[in-house]
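Thanks for coming. I will talk for a few minutes about the inside of one protein, so please look at the sequence and the structure first.

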Amino acid sequence: MKYTKEIQDKILKLNFSGDLIGENNGPEVVELANDALSNGVTYCLLNISDVRYINSSGIGVLITLLTKFRNKNGELYIIKPSEHVNKLLIMTKLQAIFNIAESEEEALQKIN
């Protein structure tokens, strides 16, 4: 998996691409979120439109990120999950706990 990060207006923006296999990049991404939260960031926009596959550890990373942001009275928004990932979220009933937006603009409107 590859990712880019940007912090803007106390919002961590992450863009993931490739395969989200938690044991490969998970600890690194969680540490990145911890650093952002320590610096006053309370929201995370997670664009996974280019993620082809997520394994169970990858789902664990998403849940860990969600928990960390909610514990700081913030929120994580998943932006435009690919068709495969969206089916997985539906099958596991995780779409009920995540905020899912079709675009970054939609997620920003929910924040403001």
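How many residues does the largest nonpolar core have, and which of them have the most contacts inside it? What you see is a predicted model. In that model, the largest nonpolar core has 28 residues. Those with the most contacts inside it are Leu14, Phe16, Leu46, Ile54, Leu76 and Phe98.

Next, where the core residues come from. Strands β2 (11-20), β3 (43-54) and β4 (75-79) each give two or more residues, and so do helices α1 (22-38), α2 (56-71) and α3 (83-91). The most comes from α2, which gives six residues.

As background, nonpolar side chains in soluble globular proteins tend to be buried together.

Now take Leu14 from the list. Setting aside neighbours within four places in sequence, Leu14 touches Thr4, Lys5, Val29, Leu32, Cys44, Leu45, Leu46 and Asn47. One of these, Leu46, is also on the list of residues with the most contacts inside the largest core.

Phe16 is my last stop. The structure holds one aromatic pair, formed by Tyr3 and Phe16. The arrangement is edge-to-face, at 6.1 Å centre to centre and with 65° between the planes. Because Tyr3 lies in strand β1 (residues 2-8) and Phe16 in strand β2, the pair ties together parts that are 13 residues apart in sequence.

Are the two partners buried or exposed? Phe16 is buried, with a relative accessible area of 2%, whereas Tyr3 is partly exposed, at 24%.

How values were computed:
Residues numbered from 1 in each chain as written. Predicted model: local features only at pLDDT ≥ 70, side-chain atom pairs only at ≥ 80, totals over all residues. Heavy atoms only, no water. Core = buried A, V, L, I, M, F, W, Y, C linked by side-chain atoms within 4.5 Å. Buried < 20%, exposed > 50% of the residue type's maximum accessible area, 1.4 Å probe, protein only. Helix = DSSP H or I, 4+ residues; strand = E, 2+ residues; numbered from the N terminus. Contact = heavy atoms within 4.5 Å. Phe/Tyr/Trp six-rings, centres within 6.5 Å; stacked < 30°, edge-to-face > 60°.
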